[in-house]
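Hello,

Here is the structure I promised to pass on to you. Please open it alongside this email, and I will walk you through what turned up.

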Amino acid sequence: MRKFTMFAVGTALAFGISGAALADDGTDVKKGEEIFNAHCVACHAGGGNVITPEGKSLSKADLEANGKFGEDAIIEQVTNGSETGMTAFGTMGILEEKDIKAVSKYVLKQAEKGWE
């Protein structure tokens, strides 16, 4: 059963049927979710922050309070990291600019609707 499922997924992707959720500017928010789950979830599961949990989560309220509720602010944070230990995913060459943009769109979407 699993092999069939993987085959079906692979076939769908090969034909461009990815179920991608695109932002208004064409950014692939689903890809942002995948990147977030691969690189960010260890510290930010459910929109939290395991390093600095008080006031530094990815909730809309915390992002707004810290001047980080916006695409440019999140891109800056992900690109350059922080003094509290967040990896500089852009300047270290871990993620490309388009991937960082996708992550920022995903984080904003989740913050708007409330992390689960």
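Lys-98 and Glu-96 form a salt bridge, with their closest N and O atoms 3.9 Å apart; the term stands for a side-chain nitrogen of Lys or Arg within 4 Å of a carboxyl oxygen of Asp or Glu. Lys-98 itself is exposed, its relative accessible area being 55%. Through shared partners, salt bridges join Glu-96, Lys-98 and Asp-99 into one network. For accessibility, buried means under 20% relative accessible area, exposed means over 50%, and partly exposed is in between (1.4 Å probe, protein chains only).

Before going further, a word on where the numbers come from. This is a predicted model, in which local features need pLDDT of at least 70 and side-chain atom pairs count only at pLDDT 80 or more, while totals for chains, interfaces and linings use all residues. Residues are numbered from 1 along each chain as its sequence is written, and side-chain values use heavy atoms, with hydrogens and water left out.

Back to the charged pairs. Side chains of opposite charge can pair when their charged atoms come close. The salt-bridge rule gives a count of 6. One of them brings together the side chains of Lys-30 and Glu-33, at 3.2 Å from N to O. These two residues are 3 apart in helix α2, so about one helical turn separates them. Lys-30 counts as partly exposed because its relative accessibility is 36%, and Glu-33 counts as partly exposed at 25%.

Another salt bridge joins the side chains of Lys-60 and Glu-112, at 3.4 Å from N to O. Lys-60 belongs to helix α4 and Glu-112 to helix α6, so this pair ties together parts that are 52 residues apart in sequence. Both partners are partly exposed: Lys-60 has a relative accessible area of 29%, and Glu-112 comes to 47%.

Now the overall layout. The chain has 6 helices and 0 strands, where helices (H or I, at least four residues) and strands (E, at least two) are DSSP runs numbered from the N terminus. Of the 116 residues in the chain, 29% are buried. The chain exposes about 7,400 Å², and carbon and sulfur atoms supply 56% of that area; accessible areas come from the Shrake-Rupley method with a 1.4 Å probe, and for residues only the protein chains shown count as cover. Among contacts (heavy atoms within 4.5 Å) with a separation of 6 or more, 49% are between residues 24 or more positions apart.

What sits at the centre of the packing story? The largest nonpolar core has 17 residues, and those with the most contacts inside it are Phe-36, Leu-58, Val-78, Leu-95, Val-107 and Trp-115. Such a core is a set of buried Ala, Val, Leu, Ile, Met, Phe, Trp, Tyr and Cys residues joined through side-chain atoms within 4.5 Å. At least two residues of this core come from each of α2 (29-39), α5 (71-80) and α6 (97-113), and the largest share, 6 residues, comes from α6.

Helix α6 is worth a look of its own. Its 17 residues should span 24 Å at 1.5 Å a residue, and its end C-alpha atoms are 25 Å apart, which agrees; the expected span is 1.5 Å times one less than the number of residues. The buried residues of α6 pack against α2, α4 (60-65) and α5, and they include Ile-100, Val-103, Tyr-106 and Val-107. After α6 comes Gly-114, with a positive phi near 95 degrees.

Which residues does Phe-36 touch? Leaving aside neighbours within four places in sequence, Phe-36 is in contact with Val-41, His-44, Leu-58, Val-103, Tyr-106, Val-107 and Trp-115.

Finally, the rings. The whole structure holds 3 aromatic pairs, meaning rings of Phe, Tyr and Trp (its six-membered ring) with centres within 6.5 Å; planes under 30 degrees apart are stacked, over 60 edge-to-face, and the rest tilted. Phe-36 and Trp-115 make a tilted pair, 5.3 Å centre to centre with 35 degrees between the planes. Phe-36 lies in helix α2 and Trp-115 in the segment after α6, so the pair ties together parts 79 residues apart in sequence. Tyr-106 and Trp-115 pair edge-to-face, 5.8 Å centre to centre and 90 degrees between the planes. Tyr-106 is buried at 7% relative accessibility, and Trp-115 is buried at 18%.

Best wishes
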